Each structure stands twice: as C-alpha cells, then as structure tokens.
Amino acid sequence: MNRRPAQARREQERTRQARTRHAWRAGWVIAILCAGGWPARAEGDREYGAYLASQCVTCHQATGQSAGGVPAIIGWAPDQFAAVMMAYRHKERDNEVMRTVAAALSDEEIAALAAYFGDLKAAGGP
Ligand code: HEC
C-alpha cells in the first residue's frame with residue numbers, strides 16, 4: 001500500500017505547480033502594467049522631470065503664465081498631463097511642435113515631466 005504516499009506527493013506537486021503558475025501570471029500582469037500598458041499610473045521621477053523641463057520652459061512658463069499663445073501646463077493631475085502628451089504623440093492632438101516634442105519623449109520621461117509640472121504652483125497663486 002504505498003500508492004497513497006505517491007498519490008499524496010502527486011497532489012502536493014500539483015498544488016505547487018498551480019501556485020507557481022499563479023505567481024507567474026500575477027508577475028506578468030505587473031510587468032505589462034509597468035511596460036507601458038498603463039503609463040499614466042506610473043509615478044514619475046520629479047527630479048528627472050525638472051531636468052527634462054528645461055526644453056519645455058523655453059516656451060511654457062514655469063510660473064504658470066500663458067505667454068505668446070503657449071498655454072500654462074503647471075498644476076495638472078499627472079495622469080491628465082500624461083494623457084495629453086500621449087495624445088500629441090499619437091497625433092490625436094493637432095499641434096506640430098507638440099507632436100514633435102512628445103514623439104521624442106519616452107513614457108518614463110513623460111511621467112517624470114508630469115510629476116514635475118504637476119507639483120509646480122502658479123507664482124503668486126495658492
Ligand atoms: C517651441 C515651443 C514649445 C515647446 C519647446 C514645448 N511646447 Fe508644449 N505647447 C506649445 C504650444 C504652442 C502649445 C499649444 C498647442 C495647442 O494649441 O494644442 C503647447 C501645448 C502643450 C500642452 C497642452 C496644454 C493645454 O492646455 O492643452 C502640454 C501638456 C505641453 N505643451 C507640454 C509640453 C512639455 C512637457 C514640453 C517639454 C517636453 C513642451 N510642451 C515643450 C509649445 C511648446
């Protein structure tokens with residue numbers, strides 16, 4: 001009667017495999033989310049954003065003033081900011097300058113810029 005231990009072992013093995021499969025599946029979901037499936041949710045690196053912003057503030061005022069037809073872009077919710085940048089990148093928004101700017105940025109860079117500009121407060125404002 002050593003069928004029982006063998007069967008128990010098989011059962012145990014099956015449970016272990018199921019757990020491993022489950023862990024793999026969860027891992028994939030996270031990997032896909034991180035790889036850009038949901039970039040707007042990614043927490044951007046604000047310091048990197050400050051560095052990248054030097055190319056934006058030649059047109060967009062860091063003080064939040066709109067100047068010469070260039071809108072203010074500070075204080076936005078980061079996911080909203082990222083969504084707008086994606087819209088330029090995918091040519092859903094119509095502006096040649098911003099399409100070019102957005103096309104040159106990675107998801108990580110957009111998230112960083114969103115975090116940086118989102119945290120800026122209008123000069124003299126609340
Ligand atoms: C050469 C000037 C210029 C540069 C450089 C520039 N932008 Fe813009 N940006 C504009 C103009 C002009 C618009 C308005 C376009 C439109 O009407 O859709 C705009 C629009 C935007 C908007 C949408 C604003 C709104 O109210 O809808 C965002 C967000 C934005 N820019 C972010 C950036 C970021 C981030 C950078 C740097 C990586 C950048 N821009 C660099 C000129 C510029």
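Visitor: In what order do the elements of the protein chain run from the N terminus on?
Guide: The elements run α-α-α-α-α, where helices (H or I, at least four residues) and strands (E, at least two) are DSSP runs numbered from the N terminus. The secondary structure comes to 5 helices and 0 strands. Please note that this is a predicted model, in which local features need pLDDT of at least 70, side-chain atom pairs count only at pLDDT 80 or more, and totals for chains, interfaces and linings use all residues. Residues are numbered from 1 along each chain as its sequence is written.

Visitor: What percentage of the 126 residues is buried?
Guide: Buried residues make up 17% of the 126 residues in the protein chain. A residue is buried if 20 or more other C-beta atoms lie within 10 Å of its own, exposed if 12 or fewer, and partly exposed in between, with C-beta atoms placed from the backbone.

Visitor: How many residues has the largest nonpolar core?
Guide: The largest nonpolar core has 15 residues, and those with the most contacts inside it include Ala82, Met85, Ile110 and Phe117. Such a core is a set of buried Ala, Val, Leu, Ile, Met, Phe, Trp, Tyr and Cys residues joined through C-beta atoms within 7 Å.

Visitor: Which elements give two or more residues to this core?
Guide: They are α3 (78-89) and α5 (107-119). The largest share, 8 residues, comes from α5.

Visitor: Which residues of α3 are buried?
Guide: The buried residues of α3 are Pro78, Phe81, Ala82, Met85 and Tyr88. They cover an arc of only 115° around the axis, which puts them on the same side of α3; the arc is that of the directions from the helix axis to the C-beta atoms. An α-helix has 3.6 residues a turn, so residues three or four places apart point the same way.

Visitor: And what covers them?
Guide: The cover over the buried residues of α3 includes α4 and α5. Leaving aside neighbours within four places in sequence, Met85 is in contact with Ala102, Leu105 and Ile110. Two residues are in contact if their C-beta atoms, placed from the backbone, lie within 7 Å.

Visitor: New topic: which residues come nearest to the ligand?
Guide: Of the 18 residues around the ligand, Cys56, Cys59, Pro71, Ile73 and Asn95 come nearest. A residue is near a molecule if its C-beta atom, placed from the backbone, lies within 6 Å of it. The elements giving two or more residues to this shell are α3 and α4 (96-103).
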